[in-house]
Amino acid sequence: MERSRIHYPASQFLNAKAATGASVALLVSDYRNLVVQVTAPANSSFTIKFAGGIGETAPDFTAAQSATNAYDFIEVADLQDGTLIDGDTGVTIDNTTAAVNCRLFEINVNALDYFAVVVSAYTDGSVSASVTATSNG
């Protein structure tokens with residue numbers, strides 16, 4: 001049976017970030033969906049948000065949103081229980097065990113050009129993120 005799905009293998013794009021800021025901007029225009037795996041050691045405390053933008057060049061996800069730096073925080077689905085998480089709210093990581101800090105999220109990037117993970121409200125710890133992308137062929 002021929003597969004009709006295009007799949008991009010998982011790759012790490014945020015490695016032990018221990019401060020506020022953003023991941024590299026990923027070009028996602030060839031894909032419809034991303035699954036992002038987020039991990040953090042025990043006692044980490046921060047908020048992560050998922051950001052997307054459109055255009056020929058990537059927005060600066062570390063700078064404020066504006067007419068000349070347009071992007072938005074996007075809704076994600078928590079794959080643990082299917083809960084939809086508002087983009088402006090983000091996901092708070094603040095647990096005492098590393099096992100609880102391992103999370104999977106599905107993101108609809110259909111028609112977006114760029115994607116990034118933004119770390120805010122950082123207090124302690126670090127965060128790593130890997131992504132895999134798929135699209136119907």
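This is a predicted model: local features need pLDDT of at least 70, side-chain atom pairs count only at pLDDT 80 or more; totals for chains, interfaces and linings use all residues.
Local features need pLDDT of at least 70 and side-chain atom pairs count only at pLDDT 80 or more, while totals for chains, interfaces and linings use all residues. Residues are numbered from 1 along each chain as its sequence is written, and side-chain values use heavy atoms, with hydrogens and water left out.

The largest nonpolar core has 28 residues. A nonpolar core here is a set of buried Ala, Val, Leu, Ile, Met, Phe, Trp, Tyr and Cys residues joined through side-chain atoms within 4.5 Å; buried means under 20% relative accessible area, exposed over 50%, and partly exposed in between, with a 1.4 Å probe and protein chains only. Val-36, Ile-48, Phe-50, Phe-105, Ile-107 and Phe-115 touch the most other members of this core. Two or more residues each come from β1, β4 (33–39), β5, β9 (91–95), β10, β11 and β12 (127–136). Such strands are DSSP runs of E with at least two residues, helices are runs of H or I with at least four, and both are numbered from the N terminus. The largest share of the core, 4 residues, is supplied by β12.

Ile-107 shows what such a position touches. Leaving aside neighbours within four places in sequence, Ile-107 is in contact (heavy atoms within 4.5 Å) with Arg-32, Asn-33, Leu-34, Val-36, Phe-50, Ile-74, Val-76 and Phe-115. A second, separate core holds 8 residues, including Ala-51, Tyr-71, Phe-73 and Tyr-114.

Aromatic rings come next. Rings of Phe, Tyr and Trp (its six-membered ring) pair if their centres lie within 6.5 Å; planes under 30 degrees apart count as stacked, over 60 as edge-to-face and the rest as tilted. By this rule there are 5 aromatic pairs. One of them, Phe-13 with Phe-115, is tilted, at 6.3 Å centre to centre and 55° between the planes. Because Phe-13 lies in strand β1 and Phe-115 in strand β11, this pair ties together parts that are 102 residues apart in sequence. Phe-13 is buried at a relative accessible area of 10%, and Phe-115 is buried at 0%. Phe-61 and Tyr-71 form an edge-to-face pair, 5.1 Å centre to centre with 65° between the planes. Both sit in the loop between β5 and β6 (72–73), 10 residues apart, and both are buried. Phe-13, Phe-50, Phe-105 and Phe-115 form one aromatic cluster.

Side chains of opposite charge can pair when their charged atoms come close. The structure holds 1 salt bridge, defined as a side-chain nitrogen of Lys or Arg within 4 Å of a carboxyl oxygen of Asp or Glu. It joins Arg-103 and Asp-78 at 2.5 Å, N to O. Arg-103 is in strand β10 (residues 103–108) and Asp-78 in strand β7 (residues 76–78), 25 residues apart. Both Arg-103 and Asp-78 are buried.

Ser-44 belongs to strand β5 (residues 44–53). Its relative accessibility is 0%, so Ser-44 counts as buried. Not counting residues up to four places away in sequence, Ser-44 touches Ile-93, Asp-94, Asn-95, Asn-101, Asp-124, Gly-125 and Ser-126.

Ala-16, in strand β1 (residues 5–17), has a positive phi of about 50° although it is not a glycine. Ala-121, in strand β11 (residues 114–124), also has a positive phi of about 50°. Ala-16 is partly exposed at 43%, whereas Ala-121 is exposed at 52%.
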